[in-house]
Amino acid sequence: MKKISLHTTVNGRACELEIPPNQTLLDLLRDTLGLTGTKRGCEIGQCGACTVLLDGHAVNSCLVLAGQTEGRQITTVEGLAQGEKLTPLQEAFLDHDAVHCGFCTPGMLMSAKDLLKRNPSPTQQEIRAAISGNLCRCTGYLQIVEAVDDAAKRMRHPKK
Amino acid sequence: MKPFDYIACDSMEAACTALDLCRGNARILAGGTDLLLELRRPGTPSPGAIVDISRIASMRGTYERQGEISIRPLTTHAELSRSATLRSWAPFLAIASGAIGSPQIRNRGTIGGNIMNAAACADTVPPLVALGARLTLRSVRGERVVDIGTFFEKPYRTIAREDEVLTLITFIPLPPGVRTAFVKLGRRNALSIARLSVAAVVARDTEGVITEARIVPGAALPVWKRIPEAETMLIGEKASGALFAAAGAKASEVMLGLTGRRWSTEYKEPVLAVLVRRALALCCSDRGEGGGP
């Protein structure tokens with residue numbers, strides 16, 4: 001199996017790599033680039049723990065071949081905060097205790113980020129639909145929905 | 001995952017050439033939401049080569065031209081569910097696209113993949129069969145257009161040859177005033193695979209008399225088809241719960257005639273009747289165009 005060359009941008013940083021063609025985006029992020037914030041869950045596209053943004057859209061990184069990201073922009077949970085400064089979405093997750101065991105949190109954040117970019121004023125129903133591809137085995141959905149709702153408000157009315 | 005050679009294509013010409021060179025020892029990669037699962041499954045043989053068509057930008061989008069709606073095969077389910085063209089001309093196809101998987105799956109999965117994978121639960125296929133869609137297949141030998149009604153041989157098997165790639169899906173839009181519905185039953189609200197689904201089309205005249213009806217069940221028959229036996233019961237009648245229930249019962253009877261009694265019959269027989277009734281009622285109500293699961 002011949003390696004392929006890949007040019008992609010991860011969290012704003014250009015990457016040039018030689019990869020095996022059967023490597024998934026999830027494996028590339030975790031094993032090759034060490035970005036372990038993206039979690040390995042079911043690996044069949046059911047749990048959403050591996051959700052990242054591909055050109056701004058939430059995708060299951062377990063269902064994308066790394067080679068398919070040639071020339072594309074990938075954002076992982078590590079790409080949200082600016083240094084030590086968390087985003088309003090991350091702040092809201094902390095303030096609402098929306099993080100229980102934490103395993104689903106990166107995926108939830110990425111699905112919520114995709115939603116808030118497209119829809120800055122989502123209804124509760126729209127938030128639930130946006131995270132419907134993310135499982136929280138601690139069942140902390142209520143706090144997660146409240147956090148996304150609050151984050152949307154904070155982003156619409158940022159503190160001076 | 002199984003090892004394979006990877007051929008990234010930037011045009012359909014390149015994809016056709018690659019498929020020709022691979023002589024049947026290749027799989028086409030579009031959204032990958034089905035193929036990657038298959039490649040990870042124990043016991044699946046290596047595909048030899050993966051021909052990746054996912055970056056061919058010209059194969060995305062929908063457009064209306066000369067009285068026909070065309071959908072390019074790499075259009076994602078998310079794009080279709082939001083498509084103004086589909087919302088106007090074939091709303092049940094937009095609804096069905098929005099009922100697939102999760103937001104993440106809909107951002108990757110494509111209508112071309114849904115058709116070519118030919119899983120019995122493929123949600124976009126019942127509306128496309130109801131619309132009488134035509135599929136354009138291309139290879140180095142040329143192009144051919146086939147009716148979707150003759151395209152499927154059995155679940156996961158189509159008449160597409162190993163070197164052919166789907167390049168366009170076209171259909172004649174429904175006349176204004178014709179109503180459509182897609183209803184789906186799954187095991188859970190999110191990420192549900194259709195246990196059964198129904199796509200329906202109903203046209204009524206100004207007196208409210210039904211002048212045309214199309215009913216296509218999903219995940220019910222060996223291959224997708226309309227149920228003329230139930231459709232003709234509706235023509236010339238006015239909408240009523242009893243009429244739709246009778247059409248639903250007829251659809252179940254036709255299903256049993258085609259599949260015989262199986263382990264799942266006890267469940268599917270009443271459920272299909274109810275889904276047909278609901279789909280027809282949605283077509284004749286002001287509540288919208290259905291949804292799932």
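Into which domains is chain B divided? In this predicted model, chain B is divided into domain 1 (5-52), domain 2 (62-171) and domain 3 (179-291), the bounds coming from an automatic or database domain assignment. Because the model is predicted, local features need pLDDT of at least 70 and side-chain atom pairs count only at pLDDT 80 or more, while totals for chains, interfaces and linings use all residues. Residues are numbered from 1 along each chain as its sequence is written, and chains are lettered from A and ligands numbered from 1 in the order in which they are written.

**Domains 2 and 3 of chain B**

- The centres of domain 2 of chain B and domain 3 of chain B, taken over C-alpha atoms, are separated by 21 Å.
- Between them, 20 residues of domain 2 of chain B are in contact with 25 residues of domain 3 of chain B, where contact requires that the C-beta atoms of two residues, placed from the backbone, lie within 7 Å.
- On the side of domain 2 of chain B that touches domain 3 of chain B, at least two residues are supplied by each of α5 (91-98), α8 (125-130) and β8 (152-154) of chain B, and the largest share, 5 residues, comes from α8(B); helices (H or I, at least four residues) and strands (E, at least two) are DSSP runs, numbered from the N terminus.
- That side of domain 2 of chain B divides into 14 nonpolar, 3 polar and 3 charged residues, with Ala, Val, Leu, Ile, Met, Phe, Trp, Tyr, Cys and Pro counted as nonpolar, Asp, Glu, Lys and Arg as charged, and the others, Gly among them, as polar.

**The sheet in chain B**

- An open sheet of 5 strands in chain B runs in the order β4-β5-β10-β6-β7 with antiparallel pairing, two strands being paired if DSSP finds at least two bridges between them.
- Because β4 (62-65) and β7 (142-147) of chain B stand at the edges with a single partner strand each, one side of each is left without a neighbour in the sheet.
- From one strand to the next, the twist averages 25°.
- Strand β5 (residues 68-71) of chain B pairs with β4(B) in the antiparallel sense over 4 bridges, and B:Arg65 stands opposite B:Glu68 in β5(B).

**Domains and helix packing in chain A**

- For chain A, the domain assignment gives domain 1 (4-79) and domain 2 (88-156), with 14 residues of domain 1 of chain A in contact with 13 residues of domain 2 of chain A.
- Helix α2 (residues 88-95) and helix α3 (residues 105-118) of chain A pack at an angle of about 130° with their axes 10 Å apart, the axes being lines fitted to C-alpha atoms over the stretch in contact and the angles running from 0 to 180 degrees between N-to-C directions.
- That angle makes α2(A) oblique to α3(A), since angles under 35 degrees count as roughly parallel, over 145 as roughly antiparallel, 65 to 115 as roughly perpendicular and the rest as oblique.
- In this packing, A:Leu89, A:Gln90 and A:Phe93 in α2(A) meet A:Thr105, A:Leu109, A:Ala112, A:Lys113 and A:Leu116 in α3(A), and the residues of the contact divide into 5 nonpolar, 2 polar and 1 charged.

**Contact between chains A and B**

- The contact takes 24 residues from chain A and 23 residues from chain B, and strand β4 (residues 57-60) of chain A gives the most to the side of chain A that touches chain B, with 4 residues.
- By class, the side of chain A that touches chain B has 10 nonpolar, 12 polar and 2 charged residues.
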